[in-house]
Each structure stands twice: as C-alpha cells, then as structure tokens.
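Reader: I would like to learn how to read the features of a structure one at a time. Please give the general idea where there is one, then the case at hand.

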Amino acid sequence: MPIISSHLSLLFRHVASYLRNLAAPIIQQLPFFLLYVVWTSKAPLFSLLYAATHALDFSVLEVSEGIVFNSFKAYLICTLFCLVKHRWIKVVGYVVFFALALIYMFLGSTFRMDFSPMLLTLLAETNARESAEFVSTFLLSTTTLRVMAEWACIVAVAMGAEWLYPNLRKNIGRRVQMVIGGVALLIIACGCTDSKVYVSLFRTQSTKELSLWDLDYADLTSDSLSRIIMSARGIYLKGEEMREAVNHTLQIKCDAQLEMPADSLCVVFVIGESYIKYHSSLYGYPLPTAPRMKEEQQRGNLVAFTNVCAPYNNTTSVIRNLLSCNSLSHGESWNEKPYFPAVMRQAGYNVLFWDNQRDMCTNAAFAFALNAYLYHPEIRKYYSQTNKDCYDYDGPLIDDFFSNANLASKHSFVILHLVGQHVLAGERFPHTREFETFHTKDVPNQASYLNQEKRQFIADYDNATRYNDYLMGRLFDYFRQKNAVIIYLSDHGEEIYDYQDQMGRVKGELTPQRVKYQYDVPFIVWTSDRYRNSHSTLISDLEHTKDRPLMTDNAYQLIFRLAGVRSYYYHPERDISSPAYRPSKRIIEDMADYDHIRWRID
Ligand SMILES: [Zn+2]
C-alpha cells in the first residue's frame with residue numbers, strides 16, 4: 001500500500017508540476033492575456049451577455065469556441081513573451097496590439113468596416129487628392145476624437161494593470177496555478193484543433209472561396225491578426241485572378257465582326273460614379289437635377305431603364321465585371337472571360353479610354369488594384385488612345401476629350417470614366433454661380449436628424465448630380481449630328497442622409513433601403529437621330545424593354561447589339577433589349593438575392 005501511495009503521490013506531483021508549467025505563460029503575463037482575450041472576443045462576449053439577459057435561444061457552444069480560440073492565440077503570444085526573456089518583445093507586442101486596436105476602432109466607428117482585402121484595395125486605389133479629403137473628412141471628426149479617448153482609456157487600464165500586477169502575482173497559490181494549468185490544457189487542445197482553419201484559408205483558390213471562408217469561420221477569426229492574414233491572401237488571389245483575366249483576353253476568340261461595316265458609328269460608354277438614382281429628376285427626384293437628360297427623353301432620343309442594379313457597391317468590383325464578357329448570374333467570374341473592349345477592338349472599333357480616376361502614379365506593389373488591370377501592358381494594347389491628364393472635375397476631362405480624341409476612324413468605341421459624385425460631392429463641381437444651383441433651403445429631405453451642415457452636403461450632392469447632367473448634355477450636343485449612341489450608367493449608388501443619419505457607403509446588413517440607395521443605378525441609352533433612323537427595330541425594342549430587370553455586369557451585351565457587333569461572346573438571352581432576353585437571378589456581393597431583399601417589406 002505505501003508503495004502505491006508513494007507512486008500516486010509521485011504521479012500527482014508530476015501532474016501538478018506539469019499543470020503549473022502550463023499555467024506559467026498565463027500567470028506571468030496575466031494582464032496581456034486577459035486584455036487580448038477580452039478585446040478580441042468583444043463581439044462573442046457581448047452576444048453571450050445579450051443572450052443571457054434576454055433569454056434567447058443561442059448557440060453558446062459556437063460562440064464559446066471563438067473565445068477559446070482567441071485564448072489560444074493569447075496563450076501563444078504570452079508563451080513567446082516568456083521564452084524571449086528580453087523586455088523589448090513585450091513592448092513590441094503591446095505596440096502592435098494597441099496600433100491594431102486603434103485602427104480597428106477607427107474603421108469600426110467611422111466606416112463600420114474591419115480589416116479586409118477590400119479595405120486594403122481601397123487604400124491602394126486612393127490617390128493623394130482623395131487622401132487629403134479623407135483626412136479632412138474623417139480624421140478630424142468628433143467620432144475620431146471619441147475613438148482616441150476610448151483608446152487612451154484602454155491603454156491606461158492596460159498599463160495600470162501591468163504596474164500593479166507584479167505585487168498581486170505573489171498571492172496566486174499552487175492550487176489556483178493548477179486550475180489555470182488545467183484551463184490552459186483545454187485551451188491548447190481546442191486551439192490546436194481549430195488551427196486547421198488557417199490551413200483551409202491557404203487552400204482557397206479564388207476571392208469567392210475566400211468570401212465563403214470568411215463567412216464560415218467568422219467566429220474563429222475575428223481578431224485583427226487573422227483579418228490581416230485573410231486580407232493578404234485576398235490580395236494574392238486578386239493578383240492571380242488578374243493574371244487569369246489577362247490570359248483569357250489574350251486567348252480571345254477571333255470571330256467578332258460588324259453587322260454593317262460600311263456605316264460609320266461612334267459608341268460612347270460613360271461610367272458614372274456614386275450616382276444615387278433617386279437623386280435624379282429623370283427618376284422622380286423633386287429637384288431638377290437632370291434637366292438635359294429629361295429634355296432628351298422628351299425629344300425621344302433617350303431611354304431611361306428603370307430596374308437596373310449594380311452587382312457590388314465598390315468601384316473596383318463593379319468595373320471589373322462591367323468590362324469583362326462574363327455574367328455573374330450564370331456563375332461566370334470576371335477573370336474567367338476576356339476584356340470586353342478587346343472584343344470591340346477585334347470587331348473593328350478603335351477603343352478610346354478617357355479615365356478621370358486613373359491613378360497617374362500606378363505602383364507595382366499595388367498590382368491588385370483596378371488600375372493595374374485596366375492599364376496592364378497587355379490590356380493597354382487594345383486602346384488606340386487614352387487621356388494624358390486627370391482633372392479635379394469631369395468638365396475639363398470632357399474638354400480634353402473633345403480637343404484630343406481622334407474619332408477619324410470609321411468605328412470608335414469610347415469609354416469615359418468619370419469622377420461623378422464620388423465622396424464629398426462638394427468637390428466635384430465648380431463653385432460658380434452657374435453650377436451652385438441648389439442651396440440648403442431647397443433640400444427636399446425633411447428628416448429630423450438633418451442640420452445645416454448635412455443639408456449642405458445634400459445640396460452639394462444635388463449640384464454635383466446636375467453638373468453631371470450638364471456634362472452629359474454637352475456629350476449629347478457633340479454627337480447629335482453623328483451616327484452615335486451613348487450609354488450611361490453609374491458604377492453603384494451612394495447614401496447621402498437619404499433614410500438614416502449617414503452618408504457614404506458604410507457597410508452593414510443589406511436592408512431594402514441600403515440596397516435601394518447603394519445598388520440601384522441610373523441606366524440610360526441615348527441615340528442620335530441618324531442612328532435612330534437606321535435602327536428602327538432596335539429603338540422600338542429599347543422602348544419596350546426599359547422596365548426589364550438587369551444587373552450591370554451584363555450591360556455589355558446590350559452594347560454589343562447597339563454597336564452591331566456579332567461575336568461568340570454575344571448572348572441574346574442576356575441582352576436586355578433582345579426578344580430572347582431571359583432575366584436571371586441578380587446576386588449582389590456574391591451572396592445576396594437582390595430582388596429578394598429590395599422588395600422585402602420590413
Ligand atoms: Zn465607385
């Protein structure tokens with residue numbers, strides 16, 4: 001008996017010592033450990049609290065898994081602190097932690113965004129002018145000051161805990177150490193199992209798969225470090241997709257030809273920016289923000305399509321899909337099909353690209369950004385001419401186009417990419433008597449949350465919309481005597497205090513209102529008299545099909561028909577104007593059924 005007892009006691013001592021060793025990283029670095037776990041698990045902790053106080057049926061297990069996994073990551077970092085005996089490692093740990101926390105708080109409070117591939121893409125695309133506006137708009141706001149104050153409190157609490165803790169640590173008894181060791185063992189076991197999510201992250205082969213991964217493992221990977229690793233993977237995949245898109249363009253099927261090669265024709269595709277359809281008088285807005293378009297509509301030269309939506313609410317994703325021969329509803333990604341202007345070129349059109357959003361300092365490091373695709377050396381070869389300069393307003397870009405574009409070729413396909421009503425619409429039109437049409441007193445929105453400053457933002461937005469209309473009027477006049485067709489659409493919508501106290505395209509749940517303002521877009525086709533006279537069937541089809549549903553990734557199908565291009569890539573069932581058109585499901589953001597959300601009544 002004494003032998004067994006001494007064996008048991010020896011075993012117990014071994015287990016106890018083992019557990020105390022396991023507990024050491026947590027006990028030695030308790031302030032950091034707790035700070036990391038609580039900070040990275042805010043959302044699940046809040047959910048648990050909410051569920052408990054509201055007696056909700058809630059998957060506690062699922063939420064707890066996220067907290068345990070965050071504890072595992074905290075444990076690994078604390079182990080590193082213990083192994084590297086130098087104090088600097090902990091200083092670096094805290095600096096990285098606080099820096100990420102500050103960025104996270106700022107993004108969350110100002111944009112309701114987190115680290116994501118899209119965020120990094122947006123940052124890379126933002127040029128110097130936009131950065132200056134960004135700083136003046138957001139960094140100097142009261143929200144940012146509040147964030148800074150909250151952040152300073154967290155830093156103070158953490159530093160206070162580090163200062164007080166060495167004295168408290170002495171009071172932690174052996175039994176408590178063993179209990180903590182047991183908890184650590186559990187954390188390690190669960191953490192090792194859950195770590196496989198990172199293996200599956202590196203197995204994702206497309207940005208679509210990555211989005212699904214993000215949805216599936218949201219609870220396990222909500223911490224900033226995981227978000228950054230995920231973003232880096234996203235950027236890599238985007239680069240791969242761009243290479244794939246270029247390859248598909250190089251392998252284009254060379255069968256495109258013109259229906260009426262003897263006739264000269266100019267097809268102009270104007271891509272607007274952040275145009276809220278419901279701020280256009282063409283679509284019922286009470287202020288006359290689109291007088292020129294309405295005039296053309298009344299003359300019979302303009303058809304306004306009424307049920308068109310964008311597949312995304314960000315420029316890059318929309319334009320990639322606008323300018324590729326793909327159809328999202330048919331499961332085709334933009335990178336799986338060739339560049340649409342390349343088909344136009346191959347059919348005999350000269351392609352001219354006047355882009356007011358082109359970043360003149362395209363940096364190779366940001367190869368994932370939109371410009372890296374639009375101006376890829378292989379893609380550039382398809383343009384016969386591009387603009388040399390970008391301008392503060394779109395007016396000078398149109399002047400530049402009128403003075404420099406060579407339209408002598410029989411067939412010209414012009415892409416005009418405007419700055420439109422992009423962030424801070426007050427900066428998008430000249431502040432002269434001619435263009436300052438609307439003032440705060442004219443704003444039709446009577447919501448109680450509006451103050452003078454917000455009304456001014458709305459008035460500016462409406463003035464920028466009217467300025468856009470003025471420029472469209474100049475284009476109509478310029479092409480009026482030619483055989484010409486102009487297609488105008490906006491890349492996506494926007495919000496300017498329309499139904500809630502918010503401006504911009506802040507992320508959040510896709511509600512009917514959000515979808516209405518951010519995804520519905522104006523879509524018009526203008527035709528000159530000469531064009532109308534020779535295309536009577538097509539003109540009649542446009543009039544009869546203007547209320548059909550369309551998502552803009554398939555707009556190019558209509559352009560093929562308007563341009564008289566016959567090609568392997570033309571599918572009449574995807575061309576809104578064709579008698580063969582078959583509307584398909586409109587999936588926005590790769591996952592949500594547009595029609596289901598848009599017409600839902602909350
Ligand atoms: Zn945009």
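Predicted model: local features only at pLDDT ≥ 70, side-chain atom pairs only at ≥ 80, totals over all residues.

Reader: How many helices and strands does the protein have?

Author: The protein has 24 helices and 13 strands. Its C-alpha trace spans about 110 × 55 × 45 Å along the principal axes. Of its 602 residues, 38% count as buried. Among contacts with a separation of 6 or more, 78% are between residues 24 or more positions apart.

Reader: In what order do the strands of the open sheet lie?

Author: The open sheet has 7 strands in the order E3-E9-E8-E2-E7-E5-E6, with mixed pairing. Strand E3 (302-305) and strand E6 (383-386) are at the edges with a single partner strand each, so one side of each has no neighbour in the sheet. On average, neighbouring strands of this sheet are turned by 15° against each other, direction ignored.

Reader: How many bridges join E2 to E8, and do these strands run parallel or antiparallel?

Author: Strand E2 (residues 265-272) and strand E8 (residues 484-490) run parallel and are joined by 7 bridges. Ile 271 stands opposite Leu 489 in E8, and Val 268 has Ile 486 of E8 as its bridge partner. On to the next pair: E8 and E9 run antiparallel, with 5 bridges between them. The bridge partner of Leu 489 in E9 is Phe 523.

Reader: Which residues of E8 are buried on each side?

Author: On one side Ala 484, Ile 486, Tyr 488 and Ser 490 are buried, and on the other Val 485, Ile 487 and Leu 489, which covers both faces of E8. That is 7 of the 7 residues of E8, so the strand is largely enclosed by the rest of the structure.

Reader: Which strands of the sheet does H19 touch?

Author: H19 packs on the sheet and touches E2, E8 and E9. The direction of H19 makes about 165° with that of E8.

Reader: What describes two packed helices?

Author: Two packed helices are described by the angle between their axes and the distance between the axes. Take helix H18 (residues 394-404) and helix H19 (residues 452-479): their axes come within 10 Å and cross at roughly 15°. Angles under 35 degrees count as roughly parallel. H18 and H19 are therefore roughly parallel to each other. Their crossing is right-handed.

Reader: Which residues of H18 and H19 meet?

Author: From H18 come Asp 394, Gly 395, Ile 398 and Phe 402; from H19 come Leu 471, Arg 474, Leu 475 and Tyr 478. By class, the contact of H18 with H19 has 5 nonpolar, 1 polar and 2 charged residues.

Reader: At what angle do H2 and H8 pack?

Author: Helix H2 (residues 30-40) and helix H8 (residues 142-169) pack at about 150°, with their axes 9 Å apart. H2 and H8 are therefore roughly antiparallel to each other. The crossing of H2 and H8 is also right-handed. The contact is made by Leu 30, Pro 31 and Leu 35 of H2 with Ala 158, Ala 161, Glu 162 and Tyr 165 of H8. These divide into 6 nonpolar, no polar and 1 charged residues.

Reader: How far is the C-alpha atom of Arg 243 from that of Thr 527?

Author: The two C-alpha atoms are separated by 36 Å, and the residues are 284 apart along the chain. Arg 243 is in helix H12 (residues 224-250). With 15 C-beta neighbours inside 10 Å, Arg 243 counts as partly exposed.

Conventions:
Residues numbered from 1 in each chain as written. Axes fitted to C-alpha atoms, helices over the stretch in contact; angles between N-to-C directions. Helix = DSSP H or I, 4+ residues; strand = E, 2+ residues; numbered from the N terminus. Parallel < 35°, antiparallel > 145°, perpendicular 65-115°, else oblique. Left-handed = near helix turned anticlockwise from the far one by under 90°. Contact = placed C-beta atoms within 7 Å. Nonpolar A, V, L, I, M, F, W, Y, C, P; charged D, E, K, R; others polar. Buried ≥ 20, exposed ≤ 12 C-beta atoms within 10 Å, placed from the backbone. Pairing = 2+ DSSP bridges.
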